[in-house]
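Here is a short report on one protein model. Look over the sequence and the 3D view before reading on.

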Amino acid sequence: MSLLKVMVTGVGGAAGIVCLDSFRGCGIPTLGVNCFPLSSGFKLADEFAVVPLAADPDYISRLFDLCGLKGIRYIFPTVDEELPVLALNRDRFLRIGVKIAVSETSVVGACLDKWEFFTRLRSVGLPVARTWLATGEGEPSDLVYPLISKPRKGRGSRGISIYPTEAEYRSQSLVSGNIVQEFAAGAEYTVDTLSDFTGKAIVAVPRRRIEIKGGVSWKGCTEHIPALEAVSKCAVEALGIIGPACLQAKVDINGKIAIFEVNPRIGGTTSLAIAAGVDIPALTIKLLENEEIGKELLTFRKLYVARYFADSFFEEDDFPGIADLSEF
């Protein structure tokens with residue numbers, strides 16, 4: 001593995017740093033990229049570069065040039081907005097020998113659109129939180145409050161509204177581009193999954209979200225829940241995801257499961273799954289290298305995490321442009 005070089009995107013965020021830590025532990029050289037010059041991951045990567053936003057017309061060209069210049073073999077995207085454009089350009093990168101750990105364009109689109117995600121899983125009989133469009137399409141007659149409204153395409157806690165009662169729900173003008181879900185009861189879990197490049201899920205690691213702030217898990221623990229692990233594997237297979245992903249679900253006191261979201265990429269607290277025994281970024285490299293993965297690498301123990309802020313410090317001459325932050 002030491003001859004490989006991996007580009008990790010979004011290294012200003014938790015998911016990017018998770019990948020950098022994993023690869024550093026395996027001795028795999030990394031190029032960390034991000035759109036913002038002051039990015040903590042730049043201190044963790046072997047090399048780094050500032051790149052445009054994914055929506056910028058020059059984004060793909062910049063990554064393409066860096067791959068040739070730096071001898072990149074693989075790209076690990078960790079930002080939702082990058083996934084569609086990288087999926088669309090997979091073949092272009094493959095022609096220069098660079099593989100991207102991303103699913104097909106249609107799969108990425110289905111995962112990032114919460115309504116399409118819901119309808120796909122419901123159509124194959126998987127347990128999902130009851131969901132309908134804010135326009136009223138598919139709204140059940142026996143609503144259970146509270147309800148939650150959120151954008152069809154969005155992440156974190158952006159654009160979310162909660163309606164504790166029917167009166168509050170009926171009095172509001174819902175955003176037409178939103179979905180509405182019943183606020184499923186139970187403990188909340190994120191499940192880290194990894195699928196091989198035929199789409200077969202090979203592992204699922206549930207993480208209970210003990211404390212959540214702003215949509216981010218600050219305290220949690222891994223737990224063996226066979227039913228949730230099995231359902232999560234079925235879900236990523238039904239969606240056609242390849243490589244890493246993370247689902248979110250609720251499990252009530254009776255063991256009833258309700259899946260309500262999926263991200264077709266590494267999660268920001270996948271570090272817990274790694275520490276518990278399943279190093280998903282490193283295992284993804286093994287899959288890309290067509291190496292066999294032993295069962296011992298897919299076994300995890302119960303482990304708790306309490307997260308905290310860490311600081312990265314930069315000198316003004318660490319790299320060109322660091323002092324010119326007027327556009328950010």
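Which residues does T131 touch, not counting residues up to four places away in sequence? They are W115, F118, G138, I179, V180 and Q181. Touching, or contact, means heavy atoms within 4.5 Å.

## About the model

This is a predicted model, in which local features need pLDDT of at least 70, side-chain atom pairs count only at pLDDT 80 or more, and totals for chains, interfaces and linings use all residues. Residues are numbered from 1 along each chain as its sequence is written, and side-chain values use heavy atoms, with hydrogens and water left out.

T131 lies in strand β6. Helices (H or I, at least four residues) and strands (E, at least two) are DSSP runs, numbered from the N terminus. T131 is buried, with a relative accessible area of 2%. Buried means under 20% relative accessible area, with a 1.4 Å probe and protein chains only.

The side chain of T131 makes a polar contact with the side chain of Q181, at 3.1 Å. Such a contact is a pair of N or O atoms within 3.5 Å; within protein, one must be able to donate a hydrogen and the other to accept it, and residues adjacent in sequence count only if both atoms are side-chain atoms. The T131 side chain also reaches the backbone oxygen of A129, at 2.8 Å.

## Helix α6

Helix α6 spans residues 114-123, and its buried residues are K114, W115, F117, F118 and L121. They cover an arc of only 160° around the axis, so they sit on the same side of α6. The arc is taken from the directions from the helix axis to the C-beta atoms. Among the elements covering these buried residues are α5, β6 and β7.

D113 caps the N-terminal end of α6. One of its side-chain oxygens lies 3.0 Å from the backbone nitrogen of W115. Just after α6, G125 takes a positive phi of about 80°.

## The open sheet

Five strands form an open sheet, in the order β3-β2-β1-β4-β5, with parallel pairing. Strands β3 and β5 stand at the edges with a single partner each, so one side of each has no neighbour in the sheet. Two strands pair if DSSP finds at least two bridges between them. β4 and β5 pair over 2 bridges, and Y74 stands opposite K99 in β5.

Helix α1 packs on the sheet, touching β1, β2 and β4. Helix α10 also packs there, touching β1, β4 and β5.

Key: Buried < 20%, exposed > 50% of the residue type's maximum accessible area, 1.4 Å probe, protein only. Axes fitted to C-alpha atoms, helices over the stretch in contact; angles between N-to-C directions.
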